[in-house]
Amino acid sequence: MNKLKYGSTALCTLALSFALTGQAMSAETVRVRFAEYSSNTEAHFQEVAAKFNASQSDIVVEIETLPWPEMQQQLITDISAGTAPDISHMATRWMAGFAVDGVLAPIEGLMSDDFADSFVPTYLDLQKQEGHTWGLPIAASARGLFVNNELLAKAGIDAAPSTWDEAYDAAIKIAALDDAIYGIGIQGNDLDVEGYWFYSLWTHGGEVITADGKSGLASEAAIAATNNYVRFIEGGATQPGVAGSSREDLQNLFAAGKLGMVLSGPWLNKQLADEAPDVSYGISAVPTATEAATYGVTDTISVLESSEVKEEAVAFLEYMFNDENRLEFGKIEGFVPVLKSMAAEPFFTEDPNMAVFLEMGPVAKFAPLVPNWEEMAESLASALSVAYSGDTPASESLKAAAAKMDELLAE
Amino acid sequence: MTDSSVNNPDGRARLLKLPSVFLILPSLFLSALVIGYPIFDVLRMSISDVNRYGHVRGFAGVDNFLKIFNDPIFLQATNQTLIWTFCVVGGTLLISVPIAIILNGNFFGRSVARTILLLPWAVSMAMTAVVWKFVVNGDFGMLNHTLETFGLIDTKIPWLADATFAFAIEILVGILVSMPFTVTILMGGLSAIPDSLYEASSIDGASHWQKFINITLPLLRPFLQISVVLNVIYVFNSFPIIWIMTRGGPANKTDILITYVYKQAFAFGRIGNAAAGSVMMFAILLGFSLLFLFITRSPKETL
């Protein structure tokens with residue numbers, strides 16, 4: 001009896017769904033995996049997918065999200081097991097390795113020219129290697145100097161420093177205010193230690209990879225850039241224990257009003273608005289030594305080679321990158337726009353704390369997109385942590401990282 | 001099996017005649033598969049050229065092993081692993097024996113004390129590590145706050161920024177999480193020692209210390225051996241505490257073999273190196289276990 005009842009219910013449901021959607025049976029499922037920038041990320045993309053699914057009947061998009069620290073490992077595991085999603089979000093620096101391994105689908109032939117033209121060229125160009133575009137820039141950020149206005153004023157400084165010498169002077173004065181107040185934050189631990197060093201490297205005119213394809217980690221500019229940070233540390237102008245401080249530690253200190261200056265990206269605006277609305281702060285360009293520069297980072301969203309629904313996947317990507325969805329994404333996550341059309345959007349241009357990142361776009365430099373970068377970055381981070389601790393001179397500790405990098409570049 | 005076959009003496013006899021080994025064959029086969037296959041696969045990958053997705057591209061001989069032996073961080077991590085294992089297991093035993101003896105005695109609130117002691121075991125190791133990471137945080141941590149309140153320090157100490165402090169703290173956390181298991185094993189051993197031995201020794205005028213040395217320790221010996229072997233295996237392979245608190249930093253000075261292997265496999269995509277590292281870990285543990293069992297084999301005497 002029961003069997004019959006369930007059977008007929010199932011049949012009715014099936015018939016009804018046919019009647020309602022017409023082509024329900026032929027809809028292709030596209031699995032899309034995102035990494036979480038914040039607790040809002042999943043809800044945002046679920047909503048975009050729901051709108052997309054409701055807008056047509058050929059494609060059904062399913063969203064999965066993972067925290068960033070698990071993304072790379074999970075993706076590698078899924079690719080080796082043959083269970084990778086059709087579309088995956090990733091750090092652009094992993095993309096190079098994935099592209100070399102042939103697990104990503106070149107996207108240029110799948111998308112329309114108009115769609116490709118809608119991106120800011122700097123950011124789209126980063127996704128290209130060896131004549132192919134391996135993904136689309138889903139998020140981009142530049143970095144700037146966050147200054148605590150109150151502490152600056154207390155220390156008798158009128159304007160945010162524009163050179164490293166001015167920054168040093170300001171940091172020393174701020175640190176002298178109180179034992180629990182530090183002049184500037186320097187990162188020495190956890191993810192992106194090398195990124196924090198790039199601010200100094202590039203503003204000292206250094207390069208990560210030189211024009212002849214060799215490591216620039218032990219160049220004179222690189223040593224000067226490292227010694228620039230070491231002088232802040234030895235002068236007592238930084239938070240204590242630089243070698244143990246992660247990016248989050250510095251941001252928390254700034255939000256607590258204990259840090260005069262810190263270099264960070266637009267997402268910190270969001271954290272400060274949520275956690276520390278009382279902290280009065282401003283953002284200016286990264287202090288310079290010999291030239292202006294900032295660290296630009298993009299994240300990529302790619303179609304995987306193993307996907308059997310590549311065209312449907314790109315159809316969803318085109319939808320996801322429409323103006324409405326992108327503006328919403330910019331608002332909830334605080335990244336700089338990757339679409340040309342967004343650059344004039346009042347949300348980005350009218351807020352000085354957002355506009356400063358747009359203005360720095362032209363001097364943005366990027367981490368090299370080479371396979372094995374993770375390994376090079378780890379040995380660089382290790383060398384920096386040794387140099388920051390004062391145990392070994394920068395010139396010596398960087399040599400090891402440069403040698404390791406040359407070895408990996410030659411592989 | 002029907003009722004008739006059970007009640008029928010012939011049927012039962014036939015069943016008993018089956019070599020009993022046939023009955024355990026399926027489970028033996030399953031165990032061999034579940035335990036043996038991963039070991040086989042790691043061994044195979046350690047001598048193969050493997051891409052980062054785990055696909056074998058060819059035979060590599062001892063290349064992977066040469067690569068890790070030429071990596072100074074591997075040697076450093078091996079050294080640190082030995083220190084880590086020795087300190088955590090040694091420390092755990094040193095404090096577990098007195099705790100087990102105290103908890104084995106009769107006193108008011110013993111069951112509460114036992115429960116409290118077992119609590120760290122019930123909390124996931126990852127959460128324990130996260131909580132301790134907060135506790136020793138240089139700026140907002142409870143440890144510095146407490147020390148400052150008691151006037152023991154006047155500037156905040158960034159504990160995890162210094163490799164020596166960081167490693168010492170990680171070892172202490174390791175001891176904390178290994179203790180409940182060890183105390184439980186030792187308490188099992190203590191409860192098996194007959195009271196009459198202590199009573200007899202009291203009549204003979206033995207001191208507490210003499211009882212401990214001449215009765216408790218010798219009878220606890222097999223349990224101490226089990227806890228040493230099991231703890232060495234667990235601690236040697238223990239990943240979450242170090243990964244969560246320092247990720248092997250600063251400057252790789254708190255890396256142990258398991259974090260090294262993890263980085264090789266999942267951050268750098270060098271599965272071959274990771275497999276070679278795992279084989280080395282397996283060999284070290286196997287060597288240790290055999291050596292330890294050989295050294296501590298029971299003397300052929302009965303009490």
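**Figure 1. The contact between chain A and chain B.** In this predicted model, 33 residues from chain A and 23 residues from chain B take part in the contact, where contact means heavy atoms within 4.5 Å. Together the two chains bury about 2,400 Å², of which 48% is on carbon and sulfur atoms; buried area is the accessible area (1.4 Å probe) that two parts lose on being put together, summed over both. Between chain A and chain B there are twelve residue pairs in polar contact, both residues being at pLDDT 80 or more. A polar contact is a pair of N or O atoms within 3.5 Å; within protein, one must be able to donate a hydrogen and the other to accept it, and residues adjacent in sequence count only if both atoms are side-chain atoms.

**Figure 2. Salt bridges of B:Arg270 with chain A.** Five salt bridges are counted between chain A and chain B, a salt bridge being a side-chain nitrogen of Lys or Arg within 4 Å of a carboxyl oxygen of Asp or Glu. The side chain of B:Arg270 meets that of A:Glu375 in one salt bridge (2.6 Å, N to O), and B:Arg270 also forms a salt bridge with A:Glu411, with the closest N and O atoms 3.0 Å apart. B:Arg270 counts as buried, at 14% relative accessibility, whereas A:Glu411 is exposed, with a relative accessible area of 60%. Here buried means under 20% relative accessible area, exposed over 50%, and partly exposed in between (1.4 Å probe, protein chains only).

**Figure 3. A salt bridge within chain A.** The side chains of A:Arg231 and A:Asp165 meet in a salt bridge, at 3.1 Å from N to O. This pair links distant parts of the chain, 66 residues apart, with A:Arg231 in helix 10 (residues 220-234) and A:Asp165 in helix 8 (residues 164-175) of chain A. Helices (H or I, at least four residues) and strands (E, at least two) are DSSP runs, numbered from the N terminus. A:Arg231 is partly exposed at 27% relative accessible area, while A:Asp165 counts as exposed at 52% relative accessibility.

**Notes on the views.** Residues are numbered from 1 along each chain as its sequence is written, and chains are lettered from A and ligands numbered from 1 in the order in which they are written. Because this is a predicted model, local features need pLDDT of at least 70 and side-chain atom pairs count only at pLDDT 80 or more, although totals for chains, interfaces and linings use all residues, and side-chain values use heavy atoms, with hydrogens and water left out.
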